[in-house]
Amino acid sequence: MQTVEGIPVTSTCSPEDIGDKGTLPPNEKPKKAKDKTGAPPSRFSLRMSAGWWRSLQTIGMGLHFLAHPRPPNPNFIKSISSTLAAKKGKFNLSFYVPDGYNKVPKRDKWPVIVNYHGGGFTLGSASDDARFARFVMERCNAVFVSVDYRLAPEYPFPTAVDDGADAILYIINHAEELRIDRNRIATSGFSAGANIAITAPLRLARYREQAEVPEHRIIAAVVWYPITDYTLSRTERRAYALRPEYTLPPTLTNLFDASYLFPAELDLADPCLSPSKASDEVLQKGMPPHILFYTCEWDMLLREGEDLAKRLEAPPISKNVHYTMIPGVAHGWDKGPNPMKPPQNSEKLYAECCKILKRIFEEDEPHPDQSHSVFHWPIKLPPPPLPPRKHDGSKE
């Protein structure tokens, strides 16, 4: 059993349900949205299905929030207008601020983390990562801004990425009134939101080529189990998975793909959709110098995440990558709907992550002895026991 934004799901499915809905031969990689989704489904039916899953997600996250210690509520919310997206509209930014933010109005500017929730670009809300927000406020002494970007199928690609970049742009343009340091900005995200934590800075870098943006510096990105390459088929991803029965079920992955990957001729190699397909130059210029990269051992996204982390660290991109593969957990493990306690090791990992972030915020440039190789991560977590198996290899 695993969770998607607080919803318990299983991967029980028939073999014919496992692959993508397109008509490509099994050995050919999808290039267009139609190669993954087949004939475009009715947008109305997608909205109905998404609405049903969103109602389940509300219940699941409600249970997730009951566990002690309770996550904080946002201190204030800003409704902002989109400027980059073709489909204009408004979306909310939820601000979580440390204690000193309101007590010491005249202190130096505050560092900020701009966060994007998960949910396959179809589910979720800005409050989903409030447990992580608590650690950011307490351990990093930073402002945490969670972005309620607009969701598919109502708003397919690239609206989520455009909204993600717009959120950063808003922080930059309103830094004085928000008392935020423009030179200490980080992004973070979970699952689909981790994709935006990578692609929003790339989108902003593209925007800066045609418009003036106030001087600023995005110094870090924190990405938790991201999706990074839509040119991989779901069949290919599941084939890579160590425990396929713990991967996301086709019911959800088909909904996510059909909702977000639209129209049918959408190029799946667009760097703002699949950052793994971006050129070295685009990643070198658009990505921040520090990247904290987390993957899950039982996740179908493990391999593409690990490959991108290695590539970001290696020349010519040469980013400072802090990488860990979390053993014995599935995708979205930290959003489990257990009202009695937070998911196993989630708080330990959040704390270790924020310890690194705090050091990055406090230092202009890293010292040579503080760099971390993608192959050396100091955290050693014992994997939870595997579920018992029958003699035929199936779970009991």
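Guide: Ground rule first: buried means under 20% relative accessible area, exposed means over 50%, and partly exposed is in between (1.4 Å probe, protein chains only). This is a predicted model, where local features need pLDDT of at least 70 and side-chain atom pairs count only at pLDDT 80 or more, while totals for chains, interfaces and linings use all residues. Residues are numbered from 1 along each chain as its sequence is written, and side-chain values use heavy atoms, leaving out hydrogens and water.

Visitor: So why is glutamate 265 called what it is, buried, exposed or partly exposed?

Guide: Glutamate 265 has 47% relative accessibility, so it counts as partly exposed.

Visitor: And what makes glutamate 265 and lysine 34 a salt bridge?

Guide: The rule asks for a side-chain nitrogen of Lys or Arg within 4 Å of a carboxyl oxygen of Asp or Glu. Here the N to O distance is 2.7 Å, and that passes. Glutamate 265 sits in the loop between α9 and α10 (280–286) and lysine 34 in helix α1, so the pair ties together parts 231 residues apart in sequence. Helices (H or I, at least four residues) and strands (E, at least two) are DSSP runs, numbered from the N terminus.

Visitor: How do you know that glutamate 236 and lysine 29 meet in a salt bridge too?

Guide: Same test: their side chains come to 3.0 Å, N to O. Glutamate 236 is in helix α8 (residues 234–240) and lysine 29 in the loop between β2 (7–9) and α1 (33–37), so this pair joins parts 207 residues apart in sequence. A search of the whole structure turns up 20 salt bridges.

Visitor: Why is valine 222 called buried?

Guide: Because its relative accessibility is 0%. Valine 222 is in strand β8 (residues 218–224). Not counting residues up to four places away in sequence, valine 222 touches (heavy atoms within 4.5 Å) several residues, including Phe132, Ser188, Tyr294 and Leu357.

Visitor: What makes α2 oblique to α9?

Guide: Helix α2 (residues 43–66) and helix α9 (residues 250–260) pack at about 130 degrees, with axes 10 Å apart. Axes are lines fitted to C-alpha atoms, for helices over the stretch in contact, and angles run from 0 to 180 degrees between N-to-C directions. Under 35 degrees counts as roughly parallel, over 145 as roughly antiparallel, 65 to 115 as roughly perpendicular and the rest as oblique. So α2 is oblique to α9. Among the contact residues are Trp53 of α2 and Leu255 of α9.
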